[in-house]
Amino acid sequence: MTDSSARSWVAWAVQQIQADTQRSADTHLIKLNVPELAGIDLYLKDESTHPTGSLKHRLARSLFLYALCNGHIKEGTTVIEASSGSTAVSEAYFARMLGLPFIAVMPRKTAQSKIAQVEFYGGRCHFVDCPTQMHAESIALAKHTHGYFMDQFRFAERATDWRGNNNIAESIFRQMQNEPHAIPSAIVMSAGTGGTSATLGRYIRYKGFATQLHVVDPDNSVFFDAWRSKDRSLTLACGSKIEGIGRPQVEASFMPEVIDQMHKVPDAASIAALRWLEQQTGIRAGASTGTNLWGMLTLAIKMRAARQQGSLVTLICDGGQRYMDTYHNPAWVAEQFPQLGDYQARLNSMLLK
Ligand SMILES: *Cc1c(COP(=O)(O)O)cnc(C)c1O
């Protein structure tokens with residue numbers, strides 16, 4: 001039996017989230033100006049402008065609505081997530097909005113700045129020694145606190161309304177309406193949970209668009225091989241260096257069936273594309289945006305070689321201010337990605353053809 005006050009709290013909570021959405025503007029679709037690629041229009045959907053600074057704002061909103069409407073989160077429920085990244089920050093924001101305790105389970109070696117962001121939104125961080133313990137520890141903590149484990153890597157694909165409701169796919173196609181090539185030849189995206197690529201791929205099929213979904217995968221990630229071999233049991237020992245994307249195991253929310261093409265992008269190429277973006281536009285982004293952009297630029301160069309015209313869209317997943325000590329610190333980059341210069345030279349020469 002659910003009593004009426006419990007139900008009215010859930011109604012209030014859903015209303016809070018909807019009101020937050022109503023107060024927010026849509027994220028910009030930025031058009032790049034690349035004279036070398038005349039006839040191929042390139043666009044970036046800028047997800048860094050959400051209140052919590054990344055595309056995980058959409059995911060956190062969807063996961064909260066999913067959990068509320070499925071009866072998993074009630075007044076006072078402790079919300080738990082396994083995340084050392086953007087998901088923990090965005091979920092902490094929504095938990096505070098609803099007055100719920102929030103615990104992010106993260107590796108002990110997580111950067112202090114990340115811990116500070118979760119704590120800024122009133123969340124608590126719970127540490128494990130090794131990243132592989134995060135999932136089991138989250139389940140244990142949920143049991144112990146009678147709380148709820150959000151489990152982004154399981155539920156990301158189903159929490160979002162793939163048919164529309166202003167999801168990222170619907171927003172992109174609406175913002176493209178007045179462009180010369182309104183239906184993109186391809187949308188390029190990387191995968192972390194795989195939730196965004198699942199939403200894009202499903203929406204494209206639902207609407208019957210000819211747009212191809214290309215998913216780019218960094219070094220130290222199993223998604224590419226799993227897509228090619230259809231083997232979901234693949235694992236790796238070592239994690240990705242590109243924050244937010246690439247996984248050592250095939251997560252449940254990764255939907256390879258809706259992906260038309262996958263490409264491997266070397267980490268140094270991701271950073272080269274990130275630098276290129278900053279030089280071209282002044283925009284500083286996170287490294288996964290570099291992976292996306294390398295994928296989009298190489299695709300555009302192939303289209304040019306085939307004398308095709310059209311449009312391509314990818315995402316700015318988060319902004320660079322979170323990474324001033326890492327991806328935007330030249331000394332750190334030189335140590336981590338010694339081949340950066342080679343990929344910068346390669347990008348410039350490919351663009352010039
Ligand atoms: C989560 C994330 C992605 C990937 O998005 P998914 O929908 O989880 O696949 C890309 N970049 C950043 C910075 C992220 O946090």
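Which atom of Gly192 lies 2.7 Å from an oxygen atom of the ligand? A backbone N or O atom of Gly192 does. This is a predicted model, where local features need pLDDT of at least 70, side-chain atom pairs count only at pLDDT 80 or more, and totals for chains, interfaces and linings use all residues. Residues are numbered from 1 along each chain as its sequence is written, and side-chain values use heavy atoms, leaving out hydrogens and water.

**Ligand shell**
- There are 16 residues around the ligand, each with a heavy atom within 4 Å of it.
- Lys56, Gly192, Thr193, Thr196 and Ser288 come nearest.
- The shell divides into five nonpolar, eight polar and three charged residues; Gly counts as polar, and Asp, Glu, Lys and Arg count as charged.

**Polar contacts** (N or O pairs within 3.5 Å)
- Lys56 places a polar side-chain atom 2.7 Å from an oxygen atom of the ligand.
- Ser288 has a polar side-chain atom 2.7 Å from a nitrogen atom of the ligand.
- Of the 380 Å² of accessible area that the ligand has on its own, the protein covers 96% (Shrake-Rupley method, 1.4 Å probe).

**Lys56**
- Lys56 sits in helix α2, residues 56-69 (a DSSP run of H or I, at least four residues).
- Lys56 is buried, at 13% relative accessible area (buried means under 20%, with a 1.4 Å probe and protein chains only).
- Leaving aside residues up to four places away in sequence, Lys56 touches Ser86, Thr87, Ser90, Gln152 and Gly244 (heavy atoms within 4.5 Å).
- An unreviewed UniProt entry lists Lys56 for "modified residue: N6-(pyridoxal phosphate)lysine"; such annotations may be inferred rather than shown by experiment.

How values were computed
A polar contact is a pair of N or O atoms within 3.5 Å; within protein, one must be able to donate a hydrogen and the other to accept it, and residues adjacent in sequence count only if both atoms are side-chain atoms. Helices (H or I, at least four residues) and strands (E, at least two) are DSSP runs, numbered from the N terminus. Buried means under 20% relative accessible area, exposed over 50%, partly exposed in between (1.4 Å probe, protein chains only).
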